[in-house]
Amino acid sequence: MQMADSELDRDELAELFDEADEDATESRSEELRRSIDLTVRTPIRILFHDWRALLGSSIIVGFVLLGTVGKSLVEEPTSGQAPILVPPFQSTDHILGTDLYGQDLAAQIVYATPDMFKMVFAGGVLAITLAAVAGVVSGFARGSTLDKLVMTVVDIIIAIPGLPLVIVLAAVFQPKNPYVVGILLGLDNWPGLARAIRSQVLSIREEAYVESSKVMGLSKRTIYWRDILRQLMPYTLINSAMAARRIIFESVGLYFIGVLPVQSFNWGVIMNLAYQANALYQPRKFHWLLVPMVTIILFSFGLVLFSQGMDSLFNVRLRARYSETIAEVDDE
Amino acid sequence: MRYFLTRLGQAVLTMVTAVVISFALFQAMPGGPVEAMRSQIIQNRGLEAGGTNVNMEQLRRLVESYSNMNPEDPFHVQLLDSSKNIFVEGDLGTSIYRGEPVTSLILQRLPWTTFIGVYAMVIGYLASFLIGSMMAYKEKSRFDSVLSVVLTALNSVPYYIVGVVLIFVVGVKFGLLPIGGRVGSGVDPAFTVEFFASAAAHAALPILSIAALLTNTALTLRENAVRVLGEDFMRVAKLRGINDARMATRYVGHNAILPMYTKIMIGVAGIFSGTVIVEQVFSYPGMGLLLFDAVKTRDYPLLMGTMIFFTAITVTAILVADITYGFLDPRIGAGDADG
C-alpha cells in the first residue's frame, strides 16, 4: 500500500508542482497524518532512543522551566536577605549558599536565566537568518558576481575579531537590553555558518535526486524549495544549537570581565563579583564562583549534547526506521 | 600566484573595513564624537567644570588633536583624513586618559598578545591534529571513546573557565606556575635566559586556556580522518605498498585537514578574540587589557586603535594560515575552494 501510494504521489507531483499549485484536497488527511508522523512523533521516538538528545533536551527544558516557573517560585534575591557566605548544601533555605552580600545564589541563577534565553534567542535568530540567506543565495548563484560579493563580505567579517568589535560596540551604545546584547553577539556569529550552508547547498545540488528532479522537468522553484531548502533545515538546526552555545560563552565572558553594562542578574556578573572578591584564594568564598561556573558548563553541555543528538535525529535512515509512514524499502 | 594576490587584496580590504567601521562607530556615538569626548576631556584635563564655560573653539581643537579629525568637516573628508593618518602615517590619535599617542601605547603591548596568541594557535592546532588523528587511527578503541567523551565535555567549558580552573589547580593549589603578569618582578627585559624563562612561565597558563578554544577541532579531524580511512584510494594505496608515514601524512592528514578551511580561519580569529578575556583573567598586560582599560576610562581613540590593531594581527595570522593552506590544497590554487 505504501509503495502504491508513493507512486501515485509521484505521478501527480510533476503536474502539481509545475503549476506551482499546492492544492491537494483529496489526500489532505493522509498528508496531515503523514506530516504529523514525520515531524512530531518520529523525532520524539528517536529522542527516546538517543541518550544524548534526551539528556541534552532535558537540560535545556530544565533551564526553560527554571527561567519561567522557577522564577515565580523563588523570591527575588536582595542583598542582606540572608547571612553572608552560607556554604552550599548546608541550609535548606539556601541550597547553593549565599554570596558576600547575603544574596541567595540559587535565586540569582534563576533570575538570570530569562535574560540568558533572550540573548540566545535574539543572537541565534539573527545569526541563523543572516547565515541562511547569505549561504543559500551564494550557493544558488555559485560563481556569479553576487556569490563573490557575499563571500567577500563573509570573509571580511570572519577576519575581524569578534570580541574586540563587540566590546567597542558595547562601549559606544551601552546596551542594557538583553535582546540588544544578543544581536551584537549574533552579528559576529553568522559568517562561519553562512559558509557551511553554502557548501551544503553546493553538495546537495550535485545529489542524484536533484538531478532526477531536473530530468523530470520540475520547475526551478520546486527544486530549490523541495529538494534543497528542506534538506538544509536539519543542518541549520544542528548548527543553531552550537551558535547558541557560542553566544552564551561570549556574553557570559563579557559580563565576567565586566565590559557590558550590568542591569540585572547575570551568571557572568556573579562570576565577576566572586572573582573580584578573590574567591579563588579563599575557600569560604569558593562556592560563590563555582555555582555560576557549573551552571554555564551545564547549560552549554546540554546544547552540545542536543546538537549531537539532533545530528542522529535528522539522519535519514534513522528517521525511516522509527517512522510509521515510510515503507521499509527506501524508495525516496 | 593569483591566489596569493587575491588573499592579499582580501586582507587589505578587511583592514579598510575595520577602519571604516571604527570610524563610523566614532560618528555614531550618542551626540557625535564632539559631545561624547567633551565630558571625557573635561574630566581628564581638568578644564573649567560645568561644560557651558568651555570654549567651543578650544574644545574643537582638542577633539581634533585627540582623534585626528576635524569634527566640522563633512563625513567623507573626515574619513579620508583619518584613513590617511592611519595607513600613511600610522597615527591613531592620542589617548585621552593617558595623553600618549595611541600607536605607541599599543606597540608596547602588541608583542605580548601576539606571543600568547600565536603559541596558543600553534599548540592548539598541533595537539588537536595529533589527538584527532590518533583517535581516528584507533577508532572504536577505549582510547577513542574515552577521549571522545572528554573532548565533548571540554567543548562545553568556556575557555576562560578553563583559565580559572588552571589558575586554581596549577597556580593556587600546587603553586607550579605564576598566575599573573607577563614576567616576574625584578626580571629585566633583555635577551637573557632568565627573562625568556620567566616570560614563558607567565604565558604558559594563558596560552593553554586559549588553546582550549580549539578542542572541537580534534573531534572534527577525527571524523574526517575516519571517513578518509574508509575511502577506496586508501585501500589502493595500501595495495601499492606505500609506506605508513607517507600514507599518514600525504593521504590521511591531507584529506582530513582540507575540508576544515573555514573552521581554521574562524579558529584563528577566535583565538585573538579570546585573548581579550583571558588577559583579563590572568591580568596579563597585553592588548586585551589595554582594550579593557580603554573601555573603563571611555578612552575612545585608544578603544578604536586597539580594535584596528586586533584586526591587523588577526588578518596577518589568517593571511599566513591562508598561504600555508594554499600550498596544501591544489584546488585553492586553481581558484575553486568550496571547503
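# Reading the helices of a two-chain model

Author: Let us start with one pair of helices, where H5(B) passes H8(B) in a right-handed crossing (left-handed would mean that the near helix is turned anticlockwise from the far one by less than a right angle, and right-handed that it is turned clockwise). This is a predicted model, in which local features need pLDDT of at least 70 and side-chain atom pairs count only at pLDDT 80 or more, while totals for chains, interfaces and linings use all residues. Residues are numbered from 1 along each chain as its sequence is written, and chains are lettered from A, with ligands numbered from 1, in the order in which they are written.

Reader: At what angle do the axes of H5(B) and H8(B) cross, and within what distance do they come?

Author: Two packed helices are described by the angle between their axes and the distance between the axes. Here the axes of helix H5 (residues 102–137) and helix H8 (residues 193–211), both of chain B, come within 8 Å and cross at roughly 55°, which makes H5(B) oblique to H8(B). Axes are lines fitted to C-alpha atoms, for helices over the stretch in contact, and angles run from 0 to 180 degrees between N-to-C directions; under 35 degrees counts as roughly parallel, over 145 as roughly antiparallel, 65 to 115 as roughly perpendicular, and the rest as oblique. The helices themselves are DSSP runs (H or I, at least four residues; strands are E, at least two), numbered from the N terminus.

Reader: Which residues of H5(B) meet which residues of H8(B)?

Author: Two residues are in contact if their C-beta atoms, placed from the backbone, lie within 7 Å. On the H5(B) side these are B:Phe115, B:Ile116, B:Tyr119, B:Ala120, B:Ile123 and B:Gly124, and they meet B:Ala203, B:Pro206, B:Ile207, B:Ile210 and B:Ala211 in H8(B). By class, this contact has 10 nonpolar, one polar and no charged residues, where Ala, Val, Leu, Ile, Met, Phe, Trp, Tyr, Cys and Pro count as nonpolar, Asp, Glu, Lys and Arg as charged, and the others, Gly among them, as polar.

Reader: How do H13(B) and H14(B) cross, and with which handedness?

Author: The axes of H13(B) and H14(B) come within 9 Å and cross at roughly 155°, which makes H13(B) roughly antiparallel to H14(B), and their crossing is left-handed. In H13(B), B:Met287, B:Leu290, B:Leu291, B:Ala294 and B:Val295 meet B:Leu302, B:Leu303, B:Thr306, B:Phe309 and B:Phe310 in H14(B), a set that divides into nine nonpolar, one polar and no charged.

Reader: How many residues of each chain take part where chain B touches chain A?

Author: Counted by contacts, 44 residues of chain B touch 35 residues of chain A. Two or more residues on the chain B side come from each of helix H1 (2–28), helix H6 (142–155), helix H7 (159–173), helix H12 (261–281), helix H13 (287–296) and helix H14 (300–328), and the residues of that side divide into 29 nonpolar, 14 polar and one charged.

Reader: How many helices and strands does each chain hold, and what part of it is buried?

Author: Chain A has 13 helices and zero strands, and 41% of its 332 residues count as buried; chain B has 15 helices and zero strands, with 40% of its 339 residues buried. A residue is buried if 20 or more other C-beta atoms lie within 10 Å of its own, exposed if 12 or fewer, and partly exposed in between, with C-beta atoms placed from the backbone.

Reader: Why does A:Ala132 count as buried, and what does A:Ala132 contact?

Author: A:Ala132, in helix H4 of chain A, counts as buried because 20 other C-beta atoms lie within 10 Å. Beyond its neighbours within four places in sequence, A:Ala132 is in contact with A:Ile197 and A:Thr236, and its C-alpha atom is separated by 9.0 Å from that of A:Leu232, 100 residues apart along the chain.
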